[in-house]
Structure formats: C-alpha cells, structure tokens
Amino acid sequence: MRSHERIIFAADVGSLADLREYLVKFRGEIGAIKLGMELLTHALLTGEPVFRTVLEESDFKIMWD
C-alpha cells in the first residue's frame with residue numbers, strides 16, 4: 001500500500017456539489033473518503049446519488065458514519 005492510500009478525507013460537507021469539488025481536488029492524493037452524517041442525511045432527503053457518484057467519479061474507498 002502506498003503512503004497516500006492511507007489518507008482518509010472526512011467529507012463533512014452538505015451537498016453533492018461540494019463533495020464533487022473534493023473528489024476532483026484529492027484525486028491521486030488520498031485513498032479513502034469518509035461520508036459524514038450531514039451529507040448522508042442530505043442524500044436521503046434529496047435522493048442525490050452520493051455513493052454512486054463517489055464510485056463512478058473516483059477510485060476512493062468509502063467509509064461512512
């Protein structure tokens with residue numbers, strides 16, 4: 001495992017648009033992304049495809065809490 005793959009970004013953002021900015025910014029720099037409660041609640045209420053977006057637009061591993 002390369003050192004940057006051990007870095008996890010805590011994506012405590014409020015919308016899919018905000019998350020997409022970080023997906024682009026951290027491409028090749030981190031190994032995983034943690035989706036926080038605020039974003040998951042937003043996705044539940046709006047139907048925005050947060051998990052699908054991360055899977056399709058990045059190669060990060062996903063965590064959530």
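Guide: Ring pairs join three residues into a cluster, namely F9, Y22 and F26. The model is predicted, so local features need pLDDT of at least 70 and side-chain atom pairs count only at pLDDT 80 or more, while totals for chains, interfaces and linings use all residues. Residues are numbered from 1 along each chain as its sequence is written, and side-chain values use heavy atoms, leaving out hydrogens and water.

Visitor: How many aromatic pairs are there by the rule in use?

Guide: Rings of Phe, Tyr and Trp (its six-membered ring) pair if their centres lie within 6.5 Å; planes under 30 degrees apart count as stacked, over 60 as edge-to-face and the rest as tilted. Under this rule, the count of aromatic pairs is four.

Visitor: Which class does the pair of F9 and F26 belong to?

Guide: The ring centres of F9 and F26 lie 4.8 Å apart. Their planes meet at 45°, so the pair is tilted.

Visitor: Is F9 buried or exposed?

Guide: Buried means under 20% relative accessible area, exposed over 50%, and partly exposed in between (1.4 Å probe, protein chains only). The relative accessibility of F9 is 17%, so F9 counts as buried.

Visitor: What is the angle between the planes of F51 and W64?

Guide: F51 and W64 form an aromatic pair with 5.4 Å centre to centre. The pair is edge-to-face, the angle between the planes being 85°.

Visitor: Is W64 buried or exposed?

Guide: W64 has a relative accessible area of 58%. By that value, W64 is exposed.
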